[in-house]
Amino acid sequence: MADSKETAESDEKKSDPKTDKLFNKFLNEVKAIEKKDSVLTGRQQIERLLRPGSTYFNLNPYEVLQLTPGATEPEIKKFYRRLSMLVHPDKNPNDVERAQQAFDAVNKAYKMFGDEEQVKFCEAIVEEARSQLETKITEKRKLAKKQGRDLIEEDMPEEYSKQLSKLITKLFADIEIKKKEMEKAEERDRKRQLDEEQKQIDAIKKEKEWKQEWDAARDDRIGNWRSFQGKKKSKLLKPPKLKVEKRK
């Protein structure tokens with residue numbers, strides 16, 4: 001009994017009402033953000049998914065499906081079903097082409113969460129983003145303390161989520177840009193190699209054609225040489241002209 005009492009007292013000491021209050025406020029604000037985003041209409045969702053820069057925004061599956069990093073499988077399915085219904089081409093007959101593009105982006109993002117390797121990749125991106133954001137927050141707190149301020153922007157859940165989402169999206173985009181740069185470099189190397197191989201092929205072909213032409217002209221060269229030799233001999237064997245003396 002004494003041990004149970006001590007444990008209970010220890011738990012009470014660990015539970016800080018002020019901390020619990022802040023944490024509950026944080027959760028409530030996050031839910032409010034999610035609720036606000038969830039009421040977007042199909043047309044608004046299409047606009048969101050096809051806005052300028054969507055090529056890179058849509059690399060982030062959390063951004064596409066409006067998920068909080070760390071979302072559970074049931075949550076992912078729930079958000080996917082709701083969003084896919086909103087942007088489905090059949091539900092947007094007046095904007096079928098753009099609806100199809102948005103629908104494809106939603107499907108692509110959802111498939112990423114169905115691939116174990118892709119899930120690990122996404123989780124690694126999130127961890128890196130959190131690490132970078134925490135480093136940034138630490139620096140901002142030091143500066144705020146020097147300026148006599150207790151709070152910074154990232155202390156607000158909405159701002160923290162916004163900054164984290166930006167970093168996650170940026171990391172996805174950076175990786176994609178590097179991937180494309182590598183592909184371009186590899187393509188240039190392949191083209192250079194093909195050009196070198198083509199030059200060698202052309203040189204071999206040219207040499208072969210020259211040899212064929214040389215061989216084809218062999219009989220003509222022999223004939224010309226014999227003709228030349230024949231003329232030379234006939235010129236050497238021709239008797240000299242006799243001079244006829246005139247008598248007086």
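Student: Hi! Is Lys140 buried, partly exposed or exposed?

Tutor: Hi there! Lys140 counts as partly exposed, at 25% relative accessibility. Keep in mind that this is a predicted model.

Student: Okay, and which residue does the Lys140 side chain meet in a salt bridge?

Tutor: Its partner is Glu153, with 3.8 Å from N to O. Lys140 belongs to helix H8, while Glu153 sits in the loop between H8 and helix H9 (157-216), so the pair links distant parts of the chain, 13 residues apart.

Student: How many salt bridges does the count come to?

Tutor: The count comes to 15 salt bridges. As a general idea, side chains of opposite charge can pair when their charged atoms come close.

Student: What about Arg51, which side chain does that one meet?

Tutor: Arg51 meets Glu63 in a salt bridge, at 2.9 Å from N to O. Arg51 lies in the loop between helix H3 (42-49) and helix H4 (54-57), and Glu63 lies in helix H5 (residues 61-65), so the pair ties together parts that are twelve residues apart in sequence.

Student: And is Glu63 buried or exposed?

Tutor: Glu63 is buried, with a relative accessible area of 19%. The cut-off for buried is under 20%. Arg51 is partly exposed, at 22%.

Student: Which residue does Glu116 form a salt bridge with?

Tutor: Glu116 pairs with Lys120, and the closest N and O atoms are 3.8 Å apart. The two are four residues apart in helix H8 (residues 116-146), so about one helical turn separates them. Glu116 is exposed, with a relative accessible area of 57%, and Lys120 is partly exposed at 46%.

Student: Which residues are linked in a network of salt bridges?

Tutor: Look for Glu47, Asp95 and Arg98, which are linked in a network of salt bridges.

Student: New topic! How many helices and strands are there in the protein chain?

Tutor: The chain has ten helices and zero strands.

Student: How do H6 and H7 cross?

Tutor: The axes of helix H6 (residues 73-87) and helix H7 (residues 96-112) come within 9 Å and cross at roughly 170 degrees. The two helices are therefore roughly antiparallel to each other. On the H6 side, the contact residues include Ile76, Tyr80 and Leu83, and on the H7 side they include Ala99, Phe103 and Val106.

Student: What classes do the residues of that H6 and H7 contact divide into?

Tutor: There are nine nonpolar, two polar and one charged in the contact of H6 with H7.

Student: And at what angle do H3 and H6 pack?

Tutor: Those two pack at about 100 degrees, with their axes 8 Å apart. That makes H3 roughly perpendicular to H6. Among the residues in contact are Ile46 and Leu49 of H3, along with Leu86 and Val87 of H6. By class, this contact of H3 with H6 has five nonpolar, two polar and two charged residues.

Student: How far apart are the end C-alpha atoms of H9?

Tutor: They are 87 Å apart. With 60 residues at 1.5 Å a residue, H9 should span 88 Å, which agrees.

Student: Which residues of H9 are buried?

Tutor: The buried ones include Pro157, Tyr160, Leu164, Phe172 and Ala173.

Student: Last one: how much of the protein chain do buried residues make up?

Tutor: Buried residues make up 22% of the 248 residues in the chain. As for contacts with a separation of 6 or more, residues 24 or more positions apart account for 63% of them.

Note on methods
Residues numbered from 1 in each chain as written. Predicted model: local features only at pLDDT ≥ 70, side-chain atom pairs only at ≥ 80, totals over all residues. Heavy atoms only, no water. Salt bridge = Lys/Arg side-chain N within 4 Å of Asp/Glu carboxyl O. Buried < 20%, exposed > 50% of the residue type's maximum accessible area, 1.4 Å probe, protein only. Axes fitted to C-alpha atoms, helices over the stretch in contact; angles between N-to-C directions. Parallel < 35°, antiparallel > 145°, perpendicular 65-115°, else oblique. Contact = heavy atoms within 4.5 Å. Nonpolar A, V, L, I, M, F, W, Y, C, P; charged D, E, K, R; others polar. Expected span 1.5 Å × (residues − 1).
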